[in-house]
Amino acid sequence: MAICKARRVTSIFWYPGHELILTDIVRAENCYLYDSAGKRYVDLESGVWCTCIGHGNPRIGNVIARRFSTIGHTGFCYASEIVEEAAQEILSLLDFEGGRCVFLCSGSEAVEFGVRIAGSLIDRPMMLTMTDSYFGAYGSARERQEDEWHCFDWSVCADCPESKECHESCEHLASIPFEEIGGFLFEPGSSSGLVRFPPEKLVRGIAEKMWTNDGLLLVNEVTTGVGRTGKWFGYEHYGISPDIAAIGKGIGNGYPVSVAAFSRRVLERLGDGPVNYAQSHQNDPLGAAVALEVIRVIREDGLIERGREIAAMLADGLENLRRRTGRIKELRGRGLMIAIELEDDDGNSFAAAAHRALVRRGFVLGLRPGTSVFRLDPSLTVDFGDIEKFLQAFEGVLDGSGTDAAAD
Ligand SMILES: Cc1ncc(COP(=O)(O)O)c(C=O)c1O
């Protein structure tokens, strides 16, 4: 049965894998999506985890309108002050005083920019990363050529009784060829994967190795940044200090701006030489102004703290559902980056039906293709009451009274 008026999507390449369930969304406001018949849905995914302060945030709308009608785009030989102002704000959030950043257009681009700079500074052949990390749609970090990337599988560490200690003598850790590694590209929580968070001790150990070997620590904050995990950045949960940070998604709240930022330590190594990278919207005042306003809204409205409160409520509610329904195998999460893994079922058919039933009831959440893993990444501005309603609807779906069949 169609959920809302179904339109065929025939003229565009659409992202494969995910089921395109809602084809008729005409308006969005904060965490709500509306179809042409006026039906309201709560967007618990923030689009693609981007609208961290809600769809159509009026302050962001005003900045875009004002900036675009004054100066939204610059050429290579003239600049606008707002870009410097936004850069300083971001560097200060990262504790990168004396560093430098560049405004780009997507998370993929920010990661790739960071990797490119790191590659130009290190004289070792390889970069290290985790097997389950995702870094974007293109570039070296996506391709991960074997001679350039060492991919560490930390899944064994997840079950290791020593993972809180993570001894240097561990054979698995010793399998990393540190003498050939010049940088560690770390995603502090695999959001595109199954939402898992590598052990703190392991990450700290690798980061220290980078530091003592004169290597670089790059963090991919495209998803985990801008308040998603209950702190400004996901790396803060690990007590590490990165050299390079890639920020995307939430920093534009749906507007396509991203940032690659570099610490003073990187700049000292870079020297005064040019960084040869150019694309038409690099350091556009429009994107920089949006990023700056997003930061101001989060700070002035206390949204990181608010996100933590919502996250605590959601975690409690989901834990109750896990105990009551027996349908949930595992809950994983940090702040408002949450995965709900259902008990195994035949070909994940229950999960698919439950997903459709929830959308019918007006709740949009992610279902990772081919799995029984739901993902929730709501905005920091999501309403407490909507979370309560979602938990009720989810309970109905899990106990069987709310599947499509029961609902019809
Ligand atoms: C962890 C992570 N890094 C990088 C990217 C790439 O960002 P973008 O899609 O904005 O290019 C994504 C996108 O989902 C992501 O989840």
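**Helix packing, sheets and domains in the predicted model**

The model is predicted, and local features need pLDDT of at least 70, side-chain atom pairs 80 or more, while totals for chains, interfaces and linings use all residues. Residues are numbered from 1 along each chain as its sequence is written. Helices (H or I, at least four residues) and strands (E, at least two) are DSSP runs, numbered from the N terminus.

Helix α2 spans residues 58-70, and helix α10 spans residues 285-300. Their axes (lines fitted to C-alpha atoms, for helices over the stretch in contact) lie 9 Å apart. The packing angle is about 155 degrees, on a scale from 0 to 180 degrees between N-to-C directions. The two helices, α2 and α10, are therefore roughly antiparallel (over 145 degrees; under 35 is roughly parallel, 65 to 115 roughly perpendicular, the rest oblique). On the α2 side, the contact (C-beta atoms, placed from the backbone, within 7 Å) is made by R59, I60, V63, I64, R67 and F68. On the α10 side, P285, L286, A289, V290, E293, V294 and V297 take part. Ten residues of this contact between α2 and α10 are nonpolar, none is polar and three are charged. Here Ala, Val, Leu, Ile, Met, Phe, Trp, Tyr, Cys and Pro count as nonpolar, Asp, Glu, Lys and Arg as charged, and the others, Gly among them, as polar.

Helix α10 also meets helix α3 (residues 81-93). The axes of α3 and α10 come within 8 Å and cross at roughly 40 degrees. This angle makes α3 oblique to α10. The crossing of α3 and α10 is left-handed. From α3, the residues involved are I82, V83, E85, A86, E89, I90 and L93. They meet P285, A288, A289, A291, L292 and I295 of α10. The contact of α3 with α10 holds eleven nonpolar residues, no polar ones and two charged ones.

Four strands build an open sheet in the order β11-β12-β15-β14, with antiparallel pairing (strands pair if DSSP finds at least two bridges between them). At its edges are β11 (328-334) and β14 (366-367), each pairing on one side only. Two bridges link β14 to β15 (residues 373-376) in the antiparallel sense. L367 stands opposite F374 of β15. Helix α11 (residues 303-325) packs on this sheet and touches β11 and β12 (337-342). The direction of α11 makes about 170 degrees with that of β11.

Strand β1 (residues 25-29) runs antiparallel to β2 (residues 32-35), joined by four bridges. R27 stands opposite Y34 of β2. The hairpin of β1 and β2 has two residues between the strands, and N30 in the turn has a positive phi of about 45 degrees. Three bridges then join β2 to the antiparallel β3 (residues 40-43). L33 stands opposite Y41 of β3. Four residues separate β2 and β3 in their hairpin, where G38 takes a positive phi near 90 degrees.

The protein chain is divided into domain 1 (25-43 + 302-407) and domain 2 (58-300), with bounds from an automatic or database domain assignment. Their C-alpha centres lie 29 Å apart. Contacts link 18 residues of domain 1 with 16 residues of domain 2. On the side of domain 1 that touches domain 2, α11, β11, β12 and β15 are the elements giving two or more residues. Helix α11 gives the most to that side, with five residues. That side of domain 1 has nine nonpolar, three polar and six charged residues.

Terms used
Contact = placed C-beta atoms within 7 Å. Left-handed = near helix turned anticlockwise from the far one by under 90°.
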